[in-house]
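Open the model in your viewer and keep the selection panel at hand.

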Amino acid sequence: MTTLRTATQLCEHGLVPPARRQAIEKVAARYAVALPESLASLIDKNDPDDPIARQFVPDVAELDHRPEELMDPIGDEAHSPIEGIVHRYPDRVLLKLTHICRVYCRFCFRREMVGPGKPAGLSPAALAAALDYIRSRPQIWEVILTGGDPLILSPRRLRAAMKGLAAIDHVKVVRIHTRMPVAEPTRVTADLVRALKIKGKATYVAVHVNHPRELTAKARAACARLADAGIPLLSQTVLLAGVNDTPDAMDELMRALVECRIKPYYLHHGDLAPGTRHLRTDIATGQELMRRLRGRASGLCQPTYVLDIPGGHGKSPIGPSYVVRSEKAEAVVEDFNGVQHRYPAR
Ligand code: SF4
């Protein structure tokens with residue numbers, strides 16, 4: 001499959017006007033670019049605000065770095081005791097197997113760490129050391145494979161990592177975060193799905209999707225292969241200006257996910273990644289979207305709206321509260337229409 005990686009290729013495909021080629025070359029020199037042709041084909045070239053293009057086609061605004069933006073916005077480094085491991089919460093760790101992705105998202109919170117030229121993925125020795133770290137800490141209940149995109153690895157390498165985790169008794173859950181069902185659905189083969197299933201552990205896959213148009217027939221089929229194999233699917237979505245920050249777009253996306261047997265899990269507030277100001281919304285916008293979603297869609301369609309606190313302090317839910325007042329004698333709770341109701345304290 002052809003992948004667009006340079007400003008010239010983006011120009012040739014009509015995704016960047018020739019007059020902007022040189023400016024986009026500067027962006028591409030700073031941040032990784034990879035856009036599979038199948039994803040590029042979803043872009044409406046006549047729409048200057050196309051939501052797929054906003055996510056994947058580089059923009060000169062990425063060179064506008066704001067003082068509040070951070071090289072490591074969620075503080076991975078501060079919680080990385082050894083290569084490949086981020087240990088922020090007592091009962092779970094991130095295991096970063098690779099720094100490569102199939103597509104590079106323009107808002108990526110790890111954009112300083114992913115892409116060609118960045119540190120390579122875990123060597124066999126580094127993976128063994130990471131597994132030793134997990135093995136020697138019985139409090140680690142869940143391991144989250146992330147990156148980069150772990151599903152860029154061959155089934156053979158994934159199987160080796162999964163087998164390593166399978167051999168650790170206290171690890172009960174393995175969660176894999178990936179963009180692959182959207183970025184290159186045909187890569188989610190029966191062999192790859194088999195590699196993710198390990199005896200005695202629960203494997204979850206969290207699929208990164210931000211706009212309903214990403215869920216093409218092929219992407220849906222890839223998700224179905226995972227779900228049919230008995231792997232529960234979750235979603236992670238990043239709230240992005242001009243992509244999914246309207247009630248209609250969010251409603252359509254969440255319904256489409258549920259129809260694909262993907263339970264909406266997280267709606268991430270945009271992280272303070274460098275050069276991403278043009279894609280971030282404010283928190284009030286996210287809260288209003290969540291309120292509208294609650295009012296119009298099934299409970300199955302409700303993700304948790306979260307913010308990763310800069311510095312590595314973890315995620316906090318930042319959705320709207322429906323408890324207007326909670327006092328000794330009574331509470332006041334708002335319904336989905338905004339009407340307030342009194343409720344006895346106990
Ligand atoms: S797939 Fe994930 S890690 Fe890769 S560029 Fe997109 S957001 Fe970043």
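Predicted model: local features only at pLDDT ≥ 70, side-chain atom pairs only at ≥ 80, totals over all residues.

Residues are numbered from 1 along each chain as its sequence is written, and side-chain values use heavy atoms, with hydrogens and water left out.

**Cores.** Select Leu35, Leu95, Leu97, Ile134, Val143, Leu145 and Leu196: they touch the most other members of the largest nonpolar core, which has 83 residues. Such a core joins buried Ala, Val, Leu, Ile, Met, Phe, Trp, Tyr and Cys residues through side-chain atoms within 4.5 Å; buried means under 20% relative accessible area (1.4 Å probe, protein chains only). Helix 5 (residues 124-135) gives the largest share, 6 residues; helices are DSSP runs of H or I, at least four residues, numbered from the N terminus.

A second, separate core has 6 residues, among them Ala32, Ala34, Cys108 and Val114.

**Largest pocket.** Next, show Phe109, Arg110, Thr146, His177 and Gln236, the closest to the centre of the largest pocket among its 37 lining residues. The space there is about 760 Å³. A pocket is an open set of points on a 1 Å grid over the protein atoms alone, where a 1.4 Å probe fits, with protein on both sides within 12 Å along at least five of seven lines; lining residues have an atom within 4 Å of a point. Its lining has 17 nonpolar, 10 polar and 10 charged residues.

**Second largest pocket.** Finish at Leu15, Arg20, Pro48, Ala53 and Val57, the closest to its centre of 19 lining residues. About 360 Å³ of space lies here.

Methods:
Buried < 20%, exposed > 50% of the residue type's maximum accessible area, 1.4 Å probe, protein only. Helix = DSSP H or I, 4+ residues; strand = E, 2+ residues; numbered from the N terminus. Points joined across faces, edges and corners; volume = space filled by probe spheres on them. Nonpolar A, V, L, I, M, F, W, Y, C, P; charged D, E, K, R; others polar.
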